[in-house]
Amino acid sequence: MGAINWEEDHAEALARAQRERKYLLLYFHKPN
Amino acid sequence: MDTVTYPDEQVAAYVGEHFVPFSASMGVRAHWPLFRSHHMIWTPSVGFADHRAQMHYSSPGYLPPTEFLSLLRIGRARCLMAWTRNAEAARELEEAAAVENSFAPEALFWLGVAHFLERRDSAPMYRAWERLTKRYPESPWAARTYREHWSGDMPRDL
């Protein structure tokens with residue numbers, strides 16, 4: 001998925017967002 | 001999105017700097033509850049949420065890189081505004097409004113809101129909305145300002 005390093009674990013994404021003081025970009029999609 | 005927009009250098013750099021990117025796939029059973037909890041009925045869609053999993057903005061469909069960059073700025077600004085970081089939000093929205101594309105009217109609308117929320121002062125909000133209604137008079141975002149309601153009360157220094 002390009003140069004973006006997507007998290008696939010929601011809980012880890014939330015923890016990272018808190019640690020790094022960032023917001024979440026959520027990408028909702030179907031498999032190709 | 002995967003073949004054009006996300007690989008774009010500017011998009012990837014902006015996402016890396018400002019967001020934790022999370023991919024929720026209908027192909028992953030563990031992700032299904034997230035579609036429901038975030039009210040997602042269409043793919044692809046993007047959402048913007050805080051670390052408490054509260055989503056503050058979402059957008060359906062495909063977008064080319066230039067439009068998507070503007071969307072990222074608006075989405076980040078909406079999150080910042082939800083956390084009363086209105087001055088930072090206004091800077092993001094000015095950047096989005098400076099790019100002449102289909103998201104500029106929305107950026108100007110929310111810029112007015114961010115200015116108001118920053119100081120509870122309607123004058124800078126009206127200035128942003130004046131820019132919106134002059135540049136994009138036919139935009140649905142201009143209609144949302146309901147100009148007839150406020151133009152008679154505009155401060156003289158506008």
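**View 1. An aromatic cluster formed by A:W6, A:Y27, B:Y6 and B:F68.** In this predicted model, ring pairs connect A:W6 and A:Y27 with B:Y6 and B:F68, so that the four residues belong to one cluster under the ring-pair criterion of centres within 6.5 Å. Over all chains, the count of aromatic pairs comes to 12.

**View 2. The edge-to-face pair of A:F28 and B:F35.** The ring centres of A:F28 and B:F35 lie 5.1 Å apart and their planes meet at 75 degrees, and because planes over 60 degrees apart count as edge-to-face, the pair is assigned to that class. A:F28 belongs to strand β1 (residues 23-29) of chain A, whereas B:F35 belongs to helix α2 (residues 32-37) of chain B, and the pair therefore joins two chains. A:F28 is buried, its relative accessible area being 0%, and B:F35 also counts as buried, at 6% relative accessibility.

**View 3. The tilted pair of B:F109 and B:W141.** With ring centres 5.3 Å apart and planes at 50 degrees, B:F109 and B:W141 form a pair that is classed as tilted. Since B:F109 lies in helix α5 (residues 104-119) and B:W141 in helix α7 (residues 140-143), both of chain B, the pair ties together parts that are 32 residues apart in sequence. B:F109 has a relative accessible area of 10% and is buried; B:W141, at 19%, is buried as well, given that the term applies under 20%.

**View 4. Arginine side chains over tryptophan rings in chain B.** B:R144 lies over the face of B:W141, at 4.2 Å from the ring centre, while B:R78 is placed over the face of B:W110, at 4.1 Å from the ring centre.

Methods. Residues are numbered from 1 along each chain as its sequence is written. Chains are lettered from A and ligands numbered from 1 in the order in which they are written. This is a predicted model: local features need pLDDT of at least 70, side-chain atom pairs count only at pLDDT 80 or more; totals for chains, interfaces and linings use all residues. Side-chain values use heavy atoms; hydrogens and water are left out. Rings of Phe, Tyr and Trp (its six-membered ring) pair if their centres lie within 6.5 Å; planes under 30 degrees apart count as stacked, over 60 as edge-to-face and the rest as tilted. Helices (H or I, at least four residues) and strands (E, at least two) are DSSP runs, numbered from the N terminus. Buried means under 20% relative accessible area, exposed over 50%, partly exposed in between (1.4 Å probe, protein chains only). A charge sits over a ring if NZ of Lys or CZ of Arg is within 6 Å of the ring centre and within 35 degrees of the ring normal.
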